[in-house]
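Q: Please take a close look at a single part of this model.

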Amino acid sequence: MENTEIVNQLIAIVKPYVTEVEALNDLNENTDFINDLKINSANLVDIVLDIEEVFGIEIDNESMQKMLTVKATVEIIQNKLKI
Amino acid sequence: MNSNEIIAKLPYSKPFLFVDEILKINENGVEGCFTYDENLDFYRGHFKSQPITPGVILTETMAQIGVVCLGVFLMNNQLVSNGLIALTSTEIEFLKPVFPDEKVTVTSEKIYFRFGKLKCKVSMKNSQNELVCQGIIAGMIVNF
């Protein structure tokens, strides 16, 4: 899957949890979910569960802890899709 | 773990412990009850001369029985000493008032327990088996 396709799906997934909606327009690979999009850290769990469902993958604890930026999340999704 | 062992592990005490007894518990859910003593302090002010249990207290009761007791059971002694239980979200609707000395029963169904976060569908019934309030409550372990 292309990275841009993953990013687009990711935007749709995080949108309901984003407090800073305008920051979504400036989203790039360095965007940080908590600091830039002001997502409640407890909701990162719900986002990861949505990612698992949408992409049909399973995220382990170690990967979950790294999924704080768009870049890290896309990398983890790409790696899991290869398995 | 039995009812008394779970209640002993809760981080609350009077006047903010809202669990009398765990009636049923397994990895998918929990059922427990509590009776609101008419002498509880908040009845003096909620409301003036007409005591009714505040919605926040009903919510707290649902969270303590439905999420924290179940969380303690699921963690099965793995709760780390510097870990604290944090309420992370509630979405509750209230249907009936609860008066002093009423006994309520809380039933909770696990939606998920992943990455230290427990999210449950929780409901409360009064002694006439009428639905008092219901909703979704989530909590997680946080380290300070």
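Which residues on the other side of α4(A) are exposed?

A: First, some ground rules. This is a predicted model, where local features need pLDDT of at least 70, side-chain atom pairs count only at pLDDT 80 or more, and totals for chains, interfaces and linings use all residues. Residues are numbered from 1 along each chain as its sequence is written, while chains are lettered from A and ligands numbered from 1 in the order in which they are written.

Now the helix. α4 of chain A covers residues 70–82 (helices are DSSP runs of H or I, at least four residues, numbered from the N terminus). Its 13 residues reach 19 Å from first C-alpha to last, close to the expected 18 Å (1.5 Å times one less than the number of residues).

Asn79(A) and Lys82(A) are the exposed ones (12 or fewer other C-beta atoms within 10 Å of the residue's own; buried takes 20 or more, and partly exposed lies in between; C-beta atoms are placed from the backbone). Buried in α4(A) are Val70(A), Thr73(A), Ile76(A) and Ile77(A). Seen down the helix axis, these fall within an arc of 135°, so they line one face (the arc is that of the directions from the axis to the C-beta atoms). An α-helix has 3.6 residues a turn, so residues three or four places apart point the same way.

What does that face pack against? The buried residues of α4(A) pack against α1 (3–14), α2 (43–55) and α3 (61–66) of chain A (contact means C-beta atoms, placed from the backbone, within 7 Å). Take α1(A): Asn3(A), Ile6(A), Val7(A) and Leu10(A) there meet Val70(A), Thr73(A), Val74(A) and Ile77(A) in α4(A).

Conventions:
Helix = DSSP H or I, 4+ residues; strand = E, 2+ residues; numbered from the N terminus. Contact = placed C-beta atoms within 7 Å.
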